[in-house]
Each structure stands twice: as C-alpha cells, then as structure tokens.
Amino acid sequence: MIGILDTFGEATRTALGFFWKSGWAFVFGYIISAMIQAFVPKTRLTRYMGGAGPRSIALATVFGAASSSCSFAALAAARSLVMKGAHFVAAVAFMFASTNLVVELGILILIFLGPAFLAAEIAGGIVLIVISSLIIRATYPERWLERAREKVEAESEAEEEDFDWGERIRSREGWMQVGANFAHDWQMVWKEILIGFTIAGFVAALVPAEVWSIIFLTDVGLGLPAWVVTLENAMVAPFVAAATFIGSMGNIPLATVLNANGVLFAGIMGFIYSDLMVPPLVAVNAKYYGLRTALYIAAVMYASIVATALILNGAFALLGIVPESGRAVSDVVRFAIDYTFWLNLTALALTAIMLRLALLHRRSHGAHQHQMDGDGPLKRAAAKVAVAVLAVGT
C-alpha cells in the first residue's frame, strides 16, 4: 500500500511539475496569439484561398500560424474557410499550421524537448503542409469533396469585419479584444491541457520503459536494421497519439515521456504531429464533411506525418544534428526558485490584466457563449477526474 501511495504521489508531482514548468509559456503564447488575432485583418487573406496553388497554401499557412492552437478550434476555423470558398488543400494547410506553427506550441517544445526539436517542429511543419498539399492534389476525390462542400455551405457564418490594424492597436477597444481572445482561447484549451498533463504525469510514473521499448522496437534484442526501427517508429507514433485521445498541446508532455524512454527522433516528431488524428477530432470532421471525407483527410494526414518524420530524420542525420533521446522527465519538471518561478509570477500578473480586459469587453459587448464541437460531457467528466486526482495526490 505504501508503494502504491508513493507511486501515486510521484505521478501527481510529475503532472504538477509539467504545469509549473510550462504555465508562463502558455500565458505568454496565448497573449501573443490573442494580439495576432485582434490586430491582423485576416479577412483580406481568406479572399485568396480558393485555389490549390502556392499562394493559397502560403496564405492558409500564415493564417493558421496566426490562429489559436486548439485542435477543435482549428477544425472549426478550417470548416469556416471552406464555407467561404477556400480550397480543401488550403483548409488542410490551415489545420496543420494552426496546430504546429503557433507561438505557444513552439515555446512549450523549447521548454520540454529543447531547441533541436523546436527547429524540427518549424521545418517539419512546413514540410508537412507541402506534402499534404501534394497528396491531395494527386488524389483529389473531386466528387467527395464537392459533396462535403455542399454540406458545409448549407450553413452560414458572419464574415469578420475588415479594419485598420494601426488604428485598432492604438485603441482601448482593440486591447479589450485581445483580452477577450485570451480568455476565449483558454476556455477552449484548458480541459485538453489539464487532461493531457495529468495523463503524462501518470504515464511517466506508471508505465515502465520496457513497454515503450516493445511498442517502438528499441532495445528488444531483435537485431533489426536501424532504418527498419526508424520506419516503425514513424508509422506507429500516430497510432499511439490517437490512443491518448489528446489533441492540441496536451501531447507535448507525453512526447517528453517518450523522449525520456528512448523513442527515436522520427517517432517523437510523428507523435507530436498527430494531434489532429485523435478519434474525437476525426469524429468532428465526420460531422462537418461526412465520414468518407473525414477518413480521407485522416489518411492524407497519416501519410504526410509519416513522410515528414522520415524526411526530418534523414535531413537531421545528414547534418549530424539528430537530438538523442533520454532527457529525464525529473530534470524537466523539477521545482526550483529559478527563471521559471519569476516568469510564472509575471504570467500571473499578465493573466490578471488580460482577464480584466476580457471583463471590460464582456460588459461592453455582452457574453457570447459558443459550444465547441468535441467539448462534450466525456471531456468535461475527464477534466473533473483530473482535478480530483491531482487534488488527492497533492
């Protein structure tokens, strides 16, 4: 019984350590994201996404990188683009960019996995978009996707107003909008972050390294060629990510656990890129476009993720900069009075300012509650369980 309690306590401390280490990064990242959303007139970009060419893909990538990192929000925004006439190639590029090239994700990867993984995430995110675009253009099921477009065009959504960004950034109203965006983004992602970090803490404490070595064929004495193990890691990682049911940035702590247990670089990158392939997100796409189109999008994503992970591994190996696995989770999540402490204090102060601005915006414009697809009773129940587990373990 004592051993069980000790393990439970260790898992809780690890999960809380993930929160401690990354709290400031989330706040800083979402403030930057909220500012981009408030001050960049994205309506001007959406007018040029109707084709499948480089300009349309590039604009979708920029638009995605300027959006929230919430996976469910990415799907909803991509659907909105399709409604407004964007090509499916651009919509998929947007989805990948909004979950792989956003500021807050980059900060989190830098903290937990280091600069080499951050460089890989940025370069790979671009490669991922290029490969998925080429696959869709080569396999484009025109009849399926036209039916999917007809499905979403039956609904309507208000266009975002155009505005002068210079005037807005100098206005009180503009900064109130920043606060509202900050609060809205947190409202969308806090459950995924809470669930993901809690699961990561318990996986780190409870799952022995031998399990990961069996799943990813590392150190199992089979004598397999290195390229076979690399290929297996890249191909299996998306399924491991799907099994977690965690989207958005909640999978970064789990990627840290994989890194600490010897999973290869290709496997870790494949895992990180697969947040859009978890079953709840595929189900949301099925609701938007129909099951057949949702499965087609998932298949394109899987092929693109595996190819990107292998290309990254090959390129980094050629340059001699492949990051080695083995960074201990305990080293990442340790509590100390260091830069993290002071940054978290600063983040608390900034959060108070943002929430004050959000309150002013709400008083001025009224409350706007939007039910996010995928934010159902199961996720709410899982978030409550995570809170209870952390409270008991503490």
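I begin with Glu232, which sits in helix 12, residues 226–244. Bear in mind throughout that this is a predicted model. Is Glu232 buried or exposed? Its relative accessible area is 15%, and the cut-off for buried is under 20%, so Glu232 counts as buried. Leaving out residues up to four places away in sequence, Glu232 touches Ile215, Phe216 and Leu217.

Leu217 is the next stop. Leu217 lies in the loop between helix 11, residues 209–215, and helix 12. As background, most residues other than glycine have a negative phi. Leu217 has 23% relative accessibility and therefore counts as partly exposed.

Now the overall picture. The secondary structure comes to 19 helices and zero strands. The protein has 394 residues, and buried residues make up 52% of them. The accessible surface is about 17,400 Å², with 67% of that belonging to carbon and sulfur atoms. Taking contacts between residues at least 6 apart in sequence, 86% join residues at least 24 apart.

Next, some helix pairs. In general, two packed helices are described by the angle between their axes and the distance between the axes.

The crossing is left-handed. Which residues meet here? From helix 10 there are Trp190, Lys191, Glu192, Leu194, Ile195, Thr198 and Phe202. From helix 19 there are Lys379, Arg380, Ala382, Ala383, Ala386, Val387, Val389 and Leu390. Sorted by class, this contact has ten nonpolar, one polar and four charged residues.

One is Lys191, in helix 10. Lys191 has a relative accessible area of 10%, so it is buried. The C-alpha atoms of Lys191 and Ala382 are 8.3 Å apart, while the two residues are separated by 191 positions along the chain.

The other is Leu390, in helix 19. Leu390 is buried as well, with a relative accessible area of 8%. Its C-alpha atom is 9.9 Å from that of Leu194, a residue 196 positions away along the chain. What does Leu390 contact, leaving aside neighbours within four places in sequence? The list is Thr12, Ala15, Leu16, Phe19, Leu194 and Thr198.

On the helix 10 side, the contact is made by Arg172, Glu173, Trp175, Met176, Gln177, Val178, Gly179, Ala180, Phe182 and Ala183. On the helix 18 side are Thr351, Met354, Leu355, Leu357, Ala358, Leu360, His361, Ser364 and His365. By class, that gives eleven nonpolar, six polar and two charged residues.

The next pair is helix 13, residues 252–260, and helix 14, residues 265–273. How do their axes lie? They come within 10 Å and cross at roughly 165 degrees. An angle over 145 degrees counts as roughly antiparallel, so helix 13 is roughly antiparallel to helix 14. This crossing is right-handed. Helix 13 contributes Ile252, Leu254, Ala255, Leu258 and Asn259, and helix 14 contributes Ile268, Phe271 and Ile272. Seven of these residues are nonpolar, one is polar and none is charged.

Last, helix 15, residues 279–289. Which of its residues are buried? They are Leu281, Val282, Val284, Asn285, Ala286, Tyr288 and Tyr289. Just after helix 15 comes Gly290, with a positive phi of about 100 degrees.

That is the tour. I will take questions now.

How values were computed
Residues numbered from 1 in each chain as written. Predicted model: local features only at pLDDT ≥ 70, side-chain atom pairs only at ≥ 80, totals over all residues. Heavy atoms only, no water. Axes fitted to C-alpha atoms, helices over the stretch in contact; angles between N-to-C directions. Helix = DSSP H or I, 4+ residues; strand = E, 2+ residues; numbered from the N terminus. Parallel < 35°, antiparallel > 145°, perpendicular 65-115°, else oblique. Left-handed = near helix turned anticlockwise from the far one by under 90°. Contact = heavy atoms within 4.5 Å. Nonpolar A, V, L, I, M, F, W, Y, C, P; charged D, E, K, R; others polar. Buried < 20%, exposed > 50% of the residue type's maximum accessible area, 1.4 Å probe, protein only. Areas by Shrake-Rupley, 256 points an atom, 1.4 Å probe, with all protein chains shown as cover.
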